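Here's a quick look at how some side chains pack in this model. Have the viewer open and follow along.

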Amino acid sequence: MSTEPETDASGPSDDDTVLFHVDGRTGVVTLNRPRALNALTHPMVLRIAEALDAWADDPAVGHVLIRGAGERGLCAGGDIRAIHDDAKAGGTASAGFWRDEYRLNARIARYPKPYVALMDGIVMGGGVGVSSHGSVRVVTERSRVAMPETGIGFVPDVGGTWLLGRAPGRLGTHLALTGAAVGAADALLCGLADHFVPAERLPDLTAALATAPAGEVLPRYAGVPAPGVLADGRSWIDHCYAAGTVEEIVERLLGRDEPAAKEAAETLLAKSPTALKVTLAAVRRAAALDTLEGALTQEFRVSCNALTTPDLVEGIRAQVVDKDRTPRWSPPTLAEITDADVERFFAPLGEDRELRLPRLFRGVSAQ
């Protein structure tokens with residue numbers, strides 16, 4: 001999930017919000033809600049899953065490619081206005097959406113053919129879920145990759161805790177808590193992407209994939225991105241985010257001389273205190289798990305339990321609905337949130353509500 005832009009009320013019908021075609025040996029998925037930054041809806045998730053199932057058994061399709069329509073990005077996340085309305089009404093639609101979305105994330109990670117994601121432009125929340133679990137992940141100089149959920153009172157999902165929990169040092173914890181967006185070099189450093197290709201070369205790359213395997217094509221187009229910022233910040237990031245609690249992390253950040261550390265502290269103090277504490281626990285628990293499926297199962301519990309808390313509705317209201325950018329978090333301070341409050345987010349949902357993720361496919365290389 002992510003902070004979705006304005007709903008594309010006059011945009012494509014459900015049948016046109018995601019497009020499919022086969023170009024030579026490539027099965028092409030195009031997210032087609034450009035006015036909404038290609039934010040995912042439940043029907044889009046179901047249609048992508050259906051296409052992946054069909055192409056998995058199609059000998060004419062050598063690999064899958066996913067891209068976003070328009071010039072602004074692959075995907076800005078999920079349809080959080082719908083989640084806001086569902087949470088306010090005490091509904092179950094959001095849980096149904098997440099169940100199918102997380103199943104899709106797992107399917108992508110285990111897909112039996114190379115899955116090529118063009119992570120050009122904005123790639124946030126659910127956009128990370130449909131790209132960074134793929135076997136061939138391409139970023140450009142325009143890429144802005146983020147899991148910004150703490151800013152709307154939520155917690156990284158779509159396997160984001162699994163990905164960030166495996167980033168070098170404490171970089172993933174920094175990105176999970178602050179919600180900071182990173183460019184190409186830092187996405188590569190953190191393991192969110194594999195290859196840098198200049199945006200102007202994406203059409204040529206796409207055309208070449210129609211006639212040759214992904215592993216053969218990529219070296220022709222891949223290059224070296226401009227330097228990022230995270231590598232130079234490892235000393236303060238690794239030290240500060242190794243602290244045991246969010247309060248201690250903020251204290252360490254404020255005590256550093258680096259301006260970026262102090263900026264990170266100010267960023268954290270503006271986020272949902274509850275979401276920060278749950279996110280820290282979720283990333284650390286995901287880092288200790290053995291499988292993506294285990295992390296997605298944990299995230300499903302956290303997401304469903306978040307629906308009953310005030311910060312998710314309030315965060316979306318402030319950022320997307322009313323856009324006053326002044327959320328009133330409850331509780332408003334880190335000190336008021338107990339370990340028991342955090343633990344409630346990880347509580348089992350009951351046998352009939354848990355997420356079940358059988359391993360349908362084995363992972364593959366880009367060959």
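## Packing around α11

The buried residues of α11 pack against α6 (171–178), α10 (234–240), α12 (259–270) and α13 (273–287). Contact here means heavy atoms within 4.5 Å, and buried means under 20% relative accessible area, with exposed over 50% and partly exposed in between (1.4 Å probe, protein chains only). Helices (H or I, at least four residues) and strands (E, at least two) are DSSP runs, numbered from the N terminus.

Before going on, some housekeeping: this is a predicted model, where local features need pLDDT of at least 70 and side-chain atom pairs count only at pLDDT 80 or more, while totals for chains, interfaces and linings use all residues. Residues are numbered from 1 along each chain as its sequence is written, and side-chain values use heavy atoms, leaving out hydrogens and water.

Back to α11, which spans residues 246–254: its V246, I249, V250 and L253 are buried. They sit on the same side of α11 because they cover an arc of only 95° around the axis, taken from the directions from the helix axis to the C-beta atoms.

L253 turns up again in the largest nonpolar core, which has 97 residues: together with L31, W98 and Y241, L253 touches the most other members. Such a core is a set of buried Ala, Val, Leu, Ile, Met, Phe, Trp, Tyr and Cys residues joined through side-chain atoms within 4.5 Å. The top contributor to this core is α1, with eight residues. Leaving aside residues up to four places away in sequence, the contacts of L253 include W236, Y241, A261 and L268. A second, separate core has 16 residues, among them L202, A208, A212 and Y221.

Now for the rings. The whole structure holds three aromatic pairs. Rings of Phe, Tyr and Trp (its six-membered ring) pair if their centres lie within 6.5 Å; planes under 30 degrees apart count as stacked, over 60 as edge-to-face and the rest as tilted. Two of the pairs look like this:

| Pair | Centre to centre | Plane angle | Type |
|---|---|---|---|
| F20 and W55 | 6.2 Å | 70° | edge-to-face |
| Y102 and F300 | 6.1 Å | 85° | edge-to-face |

F20 is in strand β1 and W55 in helix α1, so their pair ties together parts 35 residues apart in sequence. Y102 is in helix α3 and F300 in helix α14, so that pair links parts 198 residues apart in sequence.

Finally, the charged end of R166 sits over the ring of W162, 3.3 Å from its centre. That label needs NZ of Lys or CZ of Arg within 6 Å of the ring centre and within 35 degrees of the ring normal.
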